[in-house]
Amino acid sequence: MASREGAIARARRFFDGETAQDAGFRALLAELIAIPSTAQEEGREAELHRYLDGAIRPWVERLGFRAAIHPNPLPGFGPILTAERIEDPARPTVLLYGHGDTVRGLDDQWRAGLRPWTLTEEGDRWYGRGTADNKGQHALNLAALEAVLAERGGRLGFNVKIVLETAEERGSKGLREFVAAHARELAADVLIASDGPRVEPEVPTIATGTRGSFHFDLAVRLREGGVHSGHWGGLTTDPAILLAHALGSIMDRNGRILVRGWLPAGGVPPAVKAVLKGCPVGGGGEAATIDPGWGEPGLTPAEKIYGWNSFIVLAMVSGRPENPVNAVAPDARAHCQIRYTVDTDPAGFVPALRAHLDAQGFPMVRIENAGIRMAASRTDPDHPWVRWAQASMHRSLGKRVQIIPNASGGLPGDVFVEHLGVPLVWVPHSYNGCKQHGPDEHLLIAPAREGIAAFAGLWWDLGEEGVPRRG
């Protein structure tokens, strides 16, 4: 007799590769990783199409979906796959999102024995570009759906729609326009999808949104070219020094943002504080540390990254660091980023910074190329769909499921909220130390195995009674 426990057991057997008719999830993931579908390297455009048309489309059509691949509304960006499987319009409809594109392979930077487009297992990890971001995550969810279909004899008891884009690593360009144009076809009751990290590797997590990403350049341009450091050093202004002092006026040496107009006016909202009480933060791996003295005083680590804004200098340059010459450089530039929550209006970022720089004596520092890369989003952490998902996951995994008001990174959840009006339930399967945008990206096997079990339980429960009511 079909059962919830049977569906979860099927999913786990597939993950472990215990069935005679297939090689398990590892082999599936290896096939997906082998497609170098990076959106950030020229000459890989065909691979974006191959990922959707050659890997995902046949899979979902085998599961009873009607699928189509659409050109991106914006020229120069990757295509978008949509698919739908409608059993009964009166039953709940879930929108499943993912992205098949990756960042650059960075082939020459991976350590010995690893290659970006080859899945390699070492200890508790699967290495390869896209294992964590995002191929491994959406593949787990589809594999869990397949297990539930098999357990229920070819039916689900609910409806599923899929949006799989290939421009997320370029800011999801074109997705907003696409969803707006296809809002009727994509209508759903809830978005349930996976991307990003858990709060800790061992702690199942639900994020109800993401922080936004706002970028800008700070530039100091003083002359047409460099001048001799011996003849002019000590006489003419050094733009790098000016820029360094301007940056120092924006944030103090302990990481506290001094442009207070960038921050939530009322501090961390009480509802956010409540859901983050006791929330752990960790699992950054060997490359990162949580430094207690860094950031806004008086906030917990969880509040700093899930309930507050951060300022980061992503890159800065003056002169030619790779080939220095004896000259006072003519200019200096820094590319900066603000990660922000929905509690702050990004329209005020540039005016607040301009007023601050002028007041601090830096009118010569220009603010250029400012704008939102990804907007912030948040669903109420107490929303019925969020609490329903938390209860389902707890039942499947038998452990605490942490809710956070928004993930620390960026995702295009705002697009689906704005144009479809759906609540957001992000269930990440990765962790902070996965190195997803650098060399040696990997997926931890144990959280991934929990992820496929959690989603098998979610998919099963969606076909039962007791799901949140529409509206």
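**Local contacts and a four-stranded sheet in the predicted model**

Leaving aside its neighbours within four places in sequence, Glu 200 is in contact with Pro 280, Val 281 and Gly 282. The model examined here is a predicted one, and in it Glu 200 is placed in the loop that lies between β7 (190-193) and β8 (205-207). Although Glu 200 and Gly 282 are 82 residues apart in sequence, their C-alpha atoms are 5.0 Å apart in space. Glu 200 counts as partly exposed because its relative accessibility is 23%.

Thr 93, which is found in strand β3 (residues 93-99), has a relative accessibility of 8% and therefore counts as buried, the cut-off for burial being under 20%. When neighbours within four places in sequence are set aside, the residues in contact with Thr 93 are Asn 159, Lys 161, Ala 187, Ala 188, Asp 189, Val 190 and Arg 470. With one of these, Asn 159, the contact is also polar, the two side chains meeting at 3.2 Å.

Four strands form an open sheet in the order β12-β14-β10-β15, and their pairing is antiparallel. The edges of this sheet are formed by β12 (310-318) and β15 (366-374), each of which pairs on one side only. On average, and with direction ignored, neighbouring strands of the sheet are turned by 15° against each other. Strand β10 (residues 212-221) runs antiparallel to β15 and is joined to it by six bridges; Phe 214 has Ile 372 of β15 as its bridge partner.

Two helices pack on this sheet. Helix α7 (residues 239-250) touches β10, β12 and β14 (331-340), and its direction makes about 20° with that of β14. Helix α10 (residues 349-359), by contrast, touches β10, β14 and β15, and its direction makes about 155° with that of β15.

Within α10, the buried residues are Phe 349, Ala 352, Leu 353, His 356 and Leu 357. Because these residues cover an arc of only 125° around the axis, they lie on the same side of α10. Such an arrangement accords with helical geometry, since an α-helix has 3.6 residues a turn, so residues three or four places apart point the same way. The elements that cover the buried residues of α10 include β10, α7, β14 and β15. Just after α10, Gly 361 adopts a positive phi of about 85°.

Terms used
Residues numbered from 1 in each chain as written. Predicted model: local features only at pLDDT ≥ 70, side-chain atom pairs only at ≥ 80, totals over all residues. Heavy atoms only, no water. Buried < 20%, exposed > 50% of the residue type's maximum accessible area, 1.4 Å probe, protein only. Polar contact = N/O pair within 3.5 Å; in protein donor to acceptor, adjacent residues only side chain to side chain. Contact = heavy atoms within 4.5 Å. Pairing = 2+ DSSP bridges. Axes fitted to C-alpha atoms, helices over the stretch in contact; angles between N-to-C directions. Arc of directions from axis to C-beta.
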